[in-house]
Amino acid sequence: PLAALKDPTLLKTDSLIGGEWTGSARRFAVNDPATGLTLAQVANLDAAHARTALERANKAWGAWRSKPAKERSAVLMKWFQLLMANADDLARIMTAEQGKPLAEARGEVTYGASFIEWFAEEARRVYGETIPSTDNNKRFLVIKQPVGVCAAITPWNFPIAMITRKVAPALAAGCPVVIKPAEQTPLSALAVAELAQRAGMPAGVLNVITADSDNSIEVGKVLCESDLVRHLSFTGSTEVGRILMRQCAPTIKKLSLELGGNAPFIVFDDADIDSAVEGALVSKYRNAGQTCVCANRLYVQDGVYDAFVAKLAARAKSIKVGNGFDDGVTQGPLIDDNALAKVEQHVADALAKGAKLVTGGHKSGARFYEPTVLANATSEMLCAREETFGPVAPVFRFKTEDEAIALANDTEFGLASYFYSRDVGRIFRVGEALEYGMVGINTGLISTAEVPFGGVKQSGLGREGSHHGIEDYVEVKYLCLGDI
Ligand code: ADP
């Protein structure tokens, strides 16, 4: 699939350190999840490379932070434009290594690029404050300065957007970055880094370290333990988030964590049912169910339960599963065999505990799984407690609003939640009662660069996107001026 790139020079297989493409005799295979075929052999870097990258980033910091914000903004703006101009090729690379349908990959390129555009604009608005003084002889000022070298460890489900959402605010604030992309999807990261080079990013300001799953652990350790790194941003599983947080403790690093979710999707009796079905469809089956904000548990009120299940199953059947490059395909493969095994385990467990299979329930080729709807789901099932990360919709029945809120909040996670209602009082009550960082009301799609993305409880720390998203990358400094 990569032979069709308009610009084959976007296909990079070495890492980027200090402005130089850096190879290694050791390589690892990047595979197409749809076919299992190897797409490329990518440089497998290690701890020593990571240390070099951090030193190069640290060296580049002074000049980058001293540039007027408008100049950093101009580099980011150029980078944004290059992503948009190369969107077709970036989408092809993404579909090849990640599996999502080409149209969805194109959507992610636009979404990912939008964070660069947004933070290029925000770069110029990192305002300080003056605080009314308590003493006529003193003046109080607050300035915001870049935190320092930043590290970003990113997942495979959004190979571009999860990088730009972290890297753009860091760069805008005046921080250099070292990125460790997921081992499944390094080609998208490297293509985006090549475009940063073309946009005029100074050497050392943006570095990418590629590594396989074993080396990622040692590279991750260096990023966490180094004194040079002042901020670590991670998107991935809660389990790995805990490891990284522990590793960062000795150096008291600033942390941004976007971890797992277990999103409830509640449909009340008074909802517009057709709209709720469409919302559930995009929230559940997008990216084959492999997003941390995908609806994981669907709670539907008694009065509309049967109608909702029937309509959702009918719509799920219309999803076309296949290779993301094929025309009309709306759901690609799961990322790997482990992902498929987890989906199969959740479905088998639910069926053994009394769920009813309404549609789907089988794999349809190597890493492909049919869009599935399970009725009569209960709290005892694995799918109620763990993120399935696949195209399976378990539908739970509830009777009262209080019961729905209690069920929705009964989890250690708190990333995204959704509910459908037309009652304005209920919209406020439920919106405020859900213990989540994000609440979609009468919609299944909530993400955009302008809004704060993030979770509460064990779903993470910090917010990405919006004007809040740059705050993690600056330190607040208080200047007390005496002797006036
Ligand atoms: P997922 O379950 O989505 O694959 P992970 O949390 O396992 O998510 O991985 C997300 C990112 O974290 C990837 O870039 C992966 O290489 C990296 N990673 C996984 N385990 C570790 C670890 N122990 N230390 C550092 N990075 C890790």
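1. Which residues in helix 3 meet which residues in helix 4? On the helix 3 side they are Ala87, Leu90, Ala91, Met94 and Thr95. Helix 4 answers with Leu102, Ala105, Arg106, Glu108, Val109 and Thr110. Contact here means C-beta atoms, placed from the backbone, within 7 Å. By class, this contact has 7 nonpolar, 2 polar and 2 charged residues (Ala, Val, Leu, Ile, Met, Phe, Trp, Tyr, Cys and Pro are nonpolar; Asp, Glu, Lys and Arg are charged; the others, Gly among them, are polar).

2. A note on the basis. This is a predicted model: local features need pLDDT of at least 70, side-chain atom pairs count only at pLDDT 80 or more, and totals for chains, interfaces and linings use all residues. Residues are numbered from 1 along each chain as its sequence is written.

3. Helix geometry. The axes of helix 3 (residues 87-98) and helix 4 (residues 102-122) come within 8 Å and cross at roughly 120°. Axes are lines fitted to C-alpha atoms, for helices over the stretch in contact; angles run from 0 to 180 degrees between N-to-C directions. Helices (H or I, at least four residues) and strands (E, at least two) are DSSP runs, numbered from the N terminus.

4. Three strands form an open sheet in the order 5-6-20, with antiparallel pairing. Pairing requires at least two DSSP bridges between two strands. Strand 5 (129-131) and strand 20 (474-481) are at the edges with a single partner strand each, so one side of each has no neighbour in the sheet. Neighbouring strands are turned by 25° against each other on average, direction ignored.

5. Strand 6 (residues 139-146) and strand 20 run antiparallel, joined by 8 bridges. Lys144 has Val476 in strand 20 as its bridge partner.

How values were computed: Contact = placed C-beta atoms within 7 Å.
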